[in-house]
Amino acid sequence: MKKSIFALIPLFVISLSVIITSCGGNNEEEKVDKQINKMIDSNNVALGVSGKMFIIPSPIQTAMLIQKSGAQYDKSMLNETGKVNSYSTKFFQCLNLGIYGADLGYTTLYDQTQDALSYFNVTNKIANDLGLASAFDKNLIERFQKNLGTKDSMLVLVSAAYRASNDFLKHNDRMEEASLIIAGGWIETLNFALNVQKSKGNEDVKRRIADQKNTLNNLISLLSAYQGNEEYVELLQKLNDLKTEYDKVQYKYVFEQPVTDEVTKVTTITSKSDIIISPENIQTISEKVAAIRGLITA
Amino acid sequence: MKKVFFRLLVGLFFILPSIWKGAGMGLHAQCDTIASVCAKHIMAPYISDGQQYRALLMAEQNAEFHTTFYGGGTYRIAACTGLKDGNLVFSVYDEERNLLFSNKEYKNAPYWDFKVNSTLDVIIEATLDGAQSGCAVVLIGFKQ
């Protein structure tokens, strides 16, 4: 009798665990809240240093600025689609997914449908190679194909695809790959801005180049988490070298009280910032960014 | 007796991680749902910046998100927790910690727009309002 009772214990534990995990209805949220108590610490590690998360601005913002500056479409700035098969390691695939993604955004902004289709195909290819295919549902891909040529819709879809892949990578503990994709996108759009500044010279574009000072610092922090990997050595070396040039960019900020309109739900931030970047600064930054891009796209 | 005890230990070894994983997946799923609901606040003419910023918070904790707002741009910040609007307080500071905006003064509005004259680095702080714990989701969009 004693033997048979003890033999039932594992069954009891299994039953209990099934009951716990299957409890639903009104107690679901309460149960999850209790679990959060235990989950918070491990999830806060993902927030970064001291619970702060540093956000790299979307590359589409700079691409939009470049287009508004009146710069002509320049396909020679983009990474050749033919190189896509030469990226065989995850490191270079992720970086170039970021680069091709930025190129896709650029071709879309300029209504270059054929080129947009080419860049859509290469981003799709690399995404598949990286196992990101399941990040995009069939609906998203169909909408892409249907909306090629419609700039506004395409911009929304490019953002949606970017978010889908970013979420997928984060959910699957692939933060390193997500960081590399972001880094690739940032390098490419900075390269766009530098090329435009060289050929056309525009105050807003020049300002945007200078504005990347803090973003670069955040990007280096983001990637430094993986500096133990051999592949990162040269990339981080070159990014830190770029940083030494950006350290020469002078930034002055003066706070002013913002103005809020409750009716329209708009706050106008009137604080002023002045930034000083010399032509020599820009030239050196341009050379160093070209070197970083060359390392990634070779 | 020893055999039964051993079976119990083995059983627990396999069962507990799945309970834990189930709870973790539940939290991710909860955050996903909140993010989907929150995304309705970032619609045309705003384009999402392509990311979701999430933090699992307890009461009194806050999450900090650091980003750059470019001069000449107009941004929308949407901040949500739970399936209903109005439960998450978000505040925006500059790098010198001057308060630029807090939705607490506007009935915890789930989104707000920011017209930026000059580029500045901002800190977005999110805190739960009332709940003991929850997933905070912050989304950022910029105007075309």
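This is a predicted model: local features need pLDDT of at least 70, side-chain atom pairs count only at pLDDT 80 or more; totals for chains, interfaces and linings use all residues.
The phi angle of Lys265(A) is near 60 degrees, a positive value in a residue other than glycine. Why is that worth a look? Most residues other than glycine have a negative phi. Is Lys265(A) buried, exposed or partly exposed? With 14 other C-beta atoms within 10 Å, Lys265(A) counts as partly exposed.

Look for Glu60(B) in the loop between strand S2 (53–58) and strand S3 (62–69) of chain B. Glu60(B) is exposed, because 8 other C-beta atoms lie within 10 Å and the cut-off for exposed is 12 or fewer.

## A cis peptide bond

Stay in chain B and find Ala44(B) and Pro45(B), which are joined by a cis peptide bond with omega of about 10 degrees. Most peptide bonds are trans. Pro45(B) is found in the loop between helix H1 (2–38) and strand S1 (46–48) of chain B.

## A strand with two partners

Now trace strand S4 of chain B, residues 74–80, where 6 of the 7 residues are buried. Which strands pair with S4(B)? One is strand S7 (residues 111–116) of chain B, in the antiparallel sense over 5 bridges. Here Ala78(B) stands opposite Tyr111(B). Another is strand S9 (residues 133–143) of chain B, again antiparallel, over 6 bridges. In this pairing Arg76(B) stands opposite Gly141(B).

In soluble globular proteins, nonpolar side chains tend to be buried together. The largest nonpolar core here has 101 residues, and Ile77(B), Ala126(B), Ala136(B), Val137(B) and Val138(B) touch the most other members. Helix H8 (residues 175–199) of chain A supplies the largest share of this core, 12 residues.

Take a closer look at Val137(B): leaving out residues up to four places away in sequence, the residues it touches include Cys31(B), Ile34(B), Gln52(B) and Cys80(B).

## Chain A and one of its helices

Chain A has 11 helices and 5 strands, and buried residues make up 37% of its 298 residues. Helix H10(A), residues 230–246, reaches 25 Å from its first C-alpha to its last, close to the 24 Å expected. Among its buried residues are Leu235(A), Leu239(A) and Leu242(A). Residues three or four places apart in an α-helix point the same way, because there are 3.6 residues a turn. The cover over the buried residues of H10(A) includes helix H9 (203–224) and helix H11 (279–297) of chain A.

How values were computed. Residues are numbered from 1 along each chain as its sequence is written. Chains are lettered from A and ligands numbered from 1 in the order in which they are written. A residue is buried if 20 or more other C-beta atoms lie within 10 Å of its own, exposed if 12 or fewer, and partly exposed in between; C-beta atoms are placed from the backbone. Helices (H or I, at least four residues) and strands (E, at least two) are DSSP runs, numbered from the N terminus. Two strands pair if DSSP finds at least two bridges between them. A nonpolar core is a set of buried Ala, Val, Leu, Ile, Met, Phe, Trp, Tyr and Cys residues joined through C-beta atoms within 7 Å. Two residues are in contact if their C-beta atoms, placed from the backbone, lie within 7 Å. The expected span of a helix is 1.5 Å times one less than its number of residues.
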